[in-house]
Amino acid sequence: KMKFFVGVLFLVQLAVSVRFDGDQVITVVPRTPQHVKLLRDVGRVTEVDFWSPDDASGVLVGHPVDIRFPGSYAKVAKELLRKAGMSYQIKIENVQELVNKQFDRNGAHTRAGGYDYYVYHTYDEIQQWISDMATQFPTLARQSLLTTSTEGRAVNMLTLGSSTDKPIFLIDCGVHAREWIAPAFCQFFVHELLTLYETDAQVKTMMDELTWVIVPLLNVDGYEYTWSDDRMWRKTRSNYGTACSGVDANRNFDINWSGEGASTNPCSNTYCGPSVESEPIVKALSDIIRENTGNIRGYIAFHSYSQVFVYPYSYAFEDTANADQLYDLSSRASQAIKDTTGMDYTFGPGYDSMYLVSGGSKDMAYNNQIPLSWTVELRDTGRYGFVLPESQIEGTCQEMYQAMIVIADEAMKVNIY
């Protein structure tokens, strides 16, 4: 049955369109090792898109799995799951319908009346916004070029604070192209720090005691591609002479590179790349971390989805020296979210709260003496997944802002390990 299942999927994948009409996201819970093996075999099919975990190798007995099946064989996939004794739930009936409805704020995608932080913005709009922030707040914000992408786009960053000689808190958003809510939050957070500096005592302290280095949009090529060609694109857009393009930038960092939870197959969504730091965005971010070793208090990479504070380690079943501190701080941050919007965020080391990942940024950051290091998975838990509608941007930003207040307070006091 399993061989037939995978064979059928391979035969029909050539007919898959870039549009997602009929595509379904199905949640299934493997109950036996045989179920796990079947799902991992399914993961070899290029057009089967694992949403959670983001790679078939992360499938474990008893853990829910979200998979997007192209409409051309969603029916046969469900039938074979049934024959294998696996119950499932259709989480998203038609992915394209969600894509069509994601611009749902006020019933239209409009930006009238100035820059709207509760809608999604294009690459060009975000770059212009970065420049505008530096112009509007010259004493608090400085724009600089982090690097140039594989396709020649500028990857800009902002350095915020009343001075530039304070301990650093480093943030990046949008390393995975389809996770649009991450750069949306980064823009909101920058705006809050800059506009509230004169009137909010907490923000003033955060800006006076820390230097905030923020990359609002890291994977610029992939992000542009999600607007122009394929809303579900995840990776970069580099190509190293293979049939498939793109590298998973969050498997490309120098921490157990190409280990468990990463793929050496260029067609995989978790392809680790041909070499460590092959991606310009990964090399540039890593250089910032290395060049400032001993002076970075905190690091967060914002992702979606799952609503989880994920701290090191993810590449191994191992705890950090300050695991108790990270647990306590993650707990307090998640409680701040609960108190703000009622949303539940879980937390824990990556190997337990999510799944094994090699070559990830937060583990690399921690091993370069950044004591407070996370991947934060924003909304939601799968109802919309990567197609979170604009109507949920405001709540996501408001809740995570309160969590950042808690984290920043600790970062101002923490010792560098």
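In strand 4 of the predicted model, Gln-89 is the bridge partner of Thr-27, strands being DSSP runs of E with at least two residues and helices runs of H or I with at least four, both numbered from the N terminus. Strand 1 (residues 24-28) and strand 4 run antiparallel and are joined by four bridges, where pairing requires that DSSP finds at least two bridges between two strands. Helix 2 (residues 33-42) packs on the sheet and touches strand 1, strand 2 and strand 3 (65-69), its direction making about 40° with that of strand 3; contact means heavy atoms within 4.5 Å, and angles, from 0 to 180 degrees, are taken between N-to-C directions of lines fitted to C-alpha atoms, for helices over the stretch in contact. Helix 3 (residues 74-83) likewise packs on the sheet, touching strand 1, strand 3 and strand 4, with its direction at about 155° to that of strand 4.

The sheet itself is open and comprises four strands in the order 2-3-1-4 with antiparallel pairing. Strand 2 (49-52) and strand 4 (88-92) form the edges, each pairing on one side only.

Elsewhere, helix 6 (residues 181-195) packs against helix 7 (residues 201-209) at an angle of about 100°, with the axes 8 Å apart. Phe-189, Glu-192, Leu-193 and Leu-194 of helix 6 make this contact with Val-203, Met-206 and Met-207 of helix 7.

Residues are numbered from 1 along each chain as its sequence is written. As the model is predicted, local features need pLDDT of at least 70 and side-chain atom pairs count only at pLDDT 80 or more, whereas totals for chains, interfaces and linings use all residues, and side-chain values use heavy atoms, with hydrogens and water left out.
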